[in-house]
Each structure stands twice: as C-alpha cells, then as structure tokens.
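Got your viewer open and a hand on the selection tool? Let's take a walk through this structure, one stop after another.

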Amino acid sequence: MQHDLVDRNRRDSLQLLRIQNDLNAIALAMRDMLDNEEPYPLTAWSAQFQRVRTDLTDALRLEEQFAVAHRTPEQRQYLASSMTQFWDAVDRIFALAQQGKETEARSQIRLSLQARHAAIGTAVARLLVENNESEEQAAMQVTQIYDRVQRQVYIFLAATLIGIALTSLYLIRSNRQLFARLETLSEQRSELAQKLISMQESMLSHISRELHDEFGQILTAIGAMLGRAGKHVQEDTPLRSDLREVQEIVQSTLNNVRSLSQALHPVILDEAGLESTLDWYIPSVERQTGIVISYEKSGVPFKVDGTAAIHIYRVLQEALNNVTRHAATRQAWVRLRFSETALELEVEDHGSGIVTQSAKPGKGIGLVAMRERAELLDGSLDLLNPKEGGTVVRLRIPRERADGHVS
Ligand SMILES: Nc1ncnc2c1ncn2[C@@H]1O[C@H](COP(=O)(O)OP(=O)(O)OP(=O)(O)O)[C@@H](O)[C@H]1O
Ligand SMILES: [Mg+2]
C-alpha cells in the first residue's frame with residue numbers, strides 16, 4: 001500500500017509540478033507576446049513554445065503512467081483533450097503571425113489561448129490537491145495499520161509472557177510437590193532402616209545373651225555332672241569312655257555356643273567397652289582372614305556409650321568384611337581417633353577401590369547400613385580415595401553422641 005499509493009502519488013505530484021512549471025513559462029511568454037512594447041514579432045516565441053511543448057508532452061506521458069491507479073478515464077481524457085486543443089490554438093496563432101496578421105493573432109491569444117491556459121492550470125492544480133488528499137488518507141491508513149499491527153504484537157507478546165509465566169509456575173509447583181514427596185519417602189525409608197537396625201541389634205544382643213547365659217549355664221552344668229558321674233564308674237569300662245566322649249561333645253558345643261554368642265553380639269563390648277573390644281577383635285580378624293591390620297589409637301580416650309559402641313563395632317566389622325571380600329589386598333589400616341569434638345574411626349586399604357558401578361543400589365546393603373548407623377548417631381560416613389589407591393571408610397561421631405552425654 002505504501003508503495004502503490006504513497007510513492008506513486010509523490011511521483012505523480014512531481015510530474016504535475018513540472019507541468020505547472022511549464023504552464024508558468026507559457027504564461028510568461030504569453031504575457032510578453034501581448035506586451036506592445038516588445039520589439040520582436042510573435043514568431044520569435046515559436047522556438048520557446050516548441051521547447052516547452054516537448055517537455056510538457058513528456059511530463060504528461062509520465063504523469064499518466066503514475067496516475068493510472070486512481071484517476072477516472074474522464075479526468076485523463078479531459079487533461080489530454082484540453083492540452084490538444086491548447087496546442088491547436090497555439091499552432092493557429094503562430095500560423096496567423098506568420099501570415100503577418102499579428103493583431104488578429106494577439107487577440108486570439110487574449111480571447112481563447114489565455115482561457116484555455118487558465119483551464120489547464122486549474123485542472124492541474126485540482127489534481128495536485130487530490131493527490132495531496134489521497135496521500136494524506138493513505139498515510140493515515142498506513143498509520144492505522146501500523147497501530148493495529150503494533151497492538152497485535154503487544155497482545156501476542158503479553159499472551160506469550162503469560163503463557164511462559166503460567167507454565168513456569170506450574171512446573172515450579174509440581175517440582176516442589178515432587179521434591180517434598182521424595183523427601184518424605186527418603187525420610188521414611190531412612191527411619192525404617194534405622195528402626196530395623198536397632199531392632200536387629202537388640203534381637204542379636206538378646207539371643208547372644210540367651211545363648212551365653214542360658215545354654216552356656218546348662219552345658220556347663222551338664223559337663224560338670226558328666227564329670228562327676230564318670231568318677232563313680234570304674235576305669236576302662238565302655239560306660240566310662242562313653243561318658244568321656246559325651247563330655248567332650250558337650251565341651252565343644254559349649255565352645256561353639258560361646259563363639260556364636262560372641263559373634264552375634266560381643267559380650268566384651270558391654271563389659272569392657274569399645275577399646276578392649278577392638279583390641280580383641282582386630283587380632284581375631286587377622287587370624288581368621290590372614291590380612292595384616294595396623295591398628296592405631298590416638299587422642300585422649302573417653303568412655304564410649306554402649307549404643308554408640310555397638311554401631312561403631314558393626315561399621316568396623318562391615319568395613320573389614322568388605323576389605324576381605326572386595327579389595328583384593330592383604331593389608332589394612334584401622335585408626336581410632338578421640339578428639340575434643342568427635343570420635344573418628346577410619347578403615348583404609350590400598351586395594352582395588354570402590355567402583356561406582358559396582359556400588360550401585362541393589363547389590364549389597366553394607367554401605368547403606370553403615371550410613372544409617374552413622375545417621376543414628378548424628379554422625380557421618382564418608383568413602384574416600386587415598387592417593388595410593390583403594391578405599392578409606394571414615395566414620396565420624398560427634399563427641400556428645402559417642403560418650404552418651406547428649407545435651
Ligand atoms: N574396600 C573395598 N574395596 C573395593 N570394593 C569395595 C570395598 N568396599 C565395598 N566395595 C564395593 O562396593 C560394593 C558395595 O558394598 P556393600 O558392602 O554395600 O555390599 P556387599 O559387600 O557387596 O554386600 P553386603 O555388604 O550387603 O554383604 C561391593 O559390592 C564392592 O564392589
Ligand atoms: Mg559389604
């Protein structure tokens with residue numbers, strides 16, 4: 001629209017101005033021709049008229065091209081025929097002048113030529129005004145279109161922004177819900193695991209105590225009674241040797257029961273505390289597995305509470321079990337550190353190291369249980385990679401939880 005109407009209109013107006021300019025030149029020439037004081041004959045203006053005519057014809061041709069779009073056939077016809085009539089009159093006047101009829105020619109100029117000239121001038125002026133008006137209208141329409149487009153762009157932008165904001169809000173909300181649910185689930189799972197561990201621990205200690213106290217007592221009593229009964233039987237009789245055999249069986253069962261009881265829950269832990277338990281346990285692991293364990297104790301020892309002690313002992317058990325089963329090495333280091341603020345247990349090996357792939361959930365529950373035990377004591381469990389390769393399991397318990405003096 002901008003191109004078709006506004007630009008064409010401008011070019012058309014330029015041609016109309018050119019025509020107006022030519023008409024002015026003709027008006028001046030006519031004025032001079034009618035001026036009686038001019039010494040030249042009328043034919044002297046013929047060349048000037050010819051020049052103007054060529055320019056006018058060209059201007060009119062161009063103007064008609066640009067004006068095609070919005071001008072009626074009558075309008076075009078009118079300008080063209082007025083022009084032809086005007087030039088016919090000019091030709092006639094110069095013909096009269098050539099024949100020496102200067103006075104008649106002048107009166108023709110005054111009577112018909114000036115009137116025709118004025119009519120063409122008016123028509124051109126009207127076309128110019130029309131062009132201006134339609135250009136203004138077009139400009140207004142273009143502005144309206146731009147306004148409309150601008151409004152639509154704003155509406156579209158606002159709608160998009162609102163859409164983005166709503167989607168984001170929805171996503172944030174559902175993410176929050178999802179995370180809250182995950183958190184609850186994870187808390188519940190952890191709670192369950194810790195309950196199971198505590199239950200298992202109290203059950204094991206109960207069974208261990210029953211085995212040790214009940215069956216231990218009974219077996220000891222049976223052994224003693226068998227010993228006494230043997231004394232009443234004569235030597236070298238089959239009954240005597242049977243009695244001895246049964247007595248040996250009772251003794252070995254008693255030993256088995258004791259070591260089973262010890263394995264389930266070391267009585268020594270309750271009776272002598274964590275440090276003594278480790279002093280007994282570590283050499284026994286060395287004996288059973290053939291792994292060389294360097295055990296270091298540092299810091300100023302404090303008494304470790306029974307609950308904390310059993311969890312620390314279980315973590316050590318599991319960590320050393322893992323070294324035996326997975327690390328593919330014959331050496332390990334155990335460090336127990338007492339400090340002002342915490343109790344730390346470290347189990348280090350320079351074996352194959354934990355491959356993340358093999359430590360994925362579902363394979364074993366040793367590491368998970370170690371973590372849960374650490375959490376039960378408000379502590380932390382870290383798996384580190386020493387620079388020599390292998391694994392360090394580090395359990396850290398806050399002192400007030402380790403010594404049982406919770407504030
Ligand atoms: N000290 C270690 N050296 C090398 N790999 C280890 C070590 N400790 C654990 N791993 C790896 O991590 C995995 C997970 O250990 P985790 O104790 O959780 O399970 P597990 O020992 O396989 O089974 P579970 O302890 O339940 O009997 C092990 O399967 C093993 O591949
Ligand atoms: Mg394990």
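**Stop 1: the metal.** Start by selecting the magnesium ion (ligand 2): its protein donors are Glu318, through OE, and Asn322, through OD1, at 2.0 to 2.1 Å. (Donors are N, O and S atoms within 2.8 Å of the metal, or 3.2 Å for Na, K and Ca; water is not among the atoms, so a site may look incomplete.) Glu318 and Asn322 sit four residues apart in helix α8, so about one helical turn separates them. Are Glu318 and Asn322 buried or exposed? Both are buried. (Buried means under 20% relative accessible area, exposed means over 50%, and partly exposed is in between, with a 1.4 Å probe and protein chains only.)

Before you click on, some housekeeping. This is a predicted model, where local features need pLDDT of at least 70 and side-chain atom pairs count only at pLDDT 80 or more, while totals for chains, interfaces and linings use all residues. Residues are numbered from 1 along each chain as its sequence is written, chains are lettered from A and ligands numbered from 1 in the order in which they are written, and side-chain values use heavy atoms, with hydrogens and water left out.

**Stop 2: the core around α8.** Now show the side chains of Leu274, Ile312, Leu316 and Leu343: in the largest nonpolar core, which has 37 residues, these touch the most other members. (A nonpolar core is a set of buried Ala, Val, Leu, Ile, Met, Phe, Trp, Tyr and Cys residues joined through side-chain atoms within 4.5 Å.) Colour α7 (274-289), α8, β2, β3 (342-349), α9 and β5 (391-398), since each supplies at least two residues of this core. Which of them gives the most? That is α8, with eleven residues.

Zoom in on Ile312. Leaving out residues up to four places away in sequence, Ile312 touches Leu274, Val304, Leu343, Leu345, Leu395 and Ile397, where contact means heavy atoms within 4.5 Å. Another core lies apart from this one: it has 33 residues, including Leu16, Trp45, Phe49 and Val52.

**Stop 3: strand β2 and its neighbours.** Select β2 next: six of its eight residues are buried. On one pairing, β1 and β2 run parallel and are joined by seven bridges; strands pair if DSSP finds at least two bridges between them. Look for Lys297, which stands opposite Leu336 in β2. On another pairing, β2 and β3 run antiparallel, again with seven bridges, and Arg337 stands opposite Glu344 in β3. Follow the chain from β2 into β3 and you trace a hairpin with three residues between the strands.

At the other end of α8, stop at Ala328, in the loop between α8 and β2. Ala328 has a positive phi of about 55°, although it isn't a glycine. With a relative accessible area of 74%, Ala328 is exposed. Asp378 is also not a glycine but has a positive phi, of about 60°; find it in the loop between α9 (366-376) and β4 (380-384).

**Stop 4: the rings.** Time for aromatics. Rings of Phe, Tyr and Trp (its six-membered ring) pair if their centres lie within 6.5 Å; planes under 30 degrees apart count as stacked, over 60 as edge-to-face and the rest as tilted. How many aromatic pairs does that give? The count is six. Select Trp280 and Tyr281: their ring centres are 6.0 Å apart and the planes meet at 50°, so this pair is tilted. Trp280 is partly exposed at 29% relative accessibility, whereas Tyr281 is buried at 10%.

Then pick Phe302 and Phe338, an edge-to-face pair with 5.0 Å from centre to centre and 85° between the planes. Phe302 is in the loop between β1 (292-298) and α8 (306-327) and Phe338 is in strand β2 (residues 331-338), so the pair ties together parts 36 residues apart in sequence. Both Phe302 and Phe338 are buried. Elsewhere, ring pairs link Phe49, Phe86, Trp87 and Phe94 into a cluster.

**Stop 5: helix α4.** Finish at Ala105, in helix α4 (residues 102-231). Ala105 is buried, at 0% relative accessibility. Not counting residues up to four places away in sequence, Ala105 touches Leu42, Ile93, Leu96 and Ala97.
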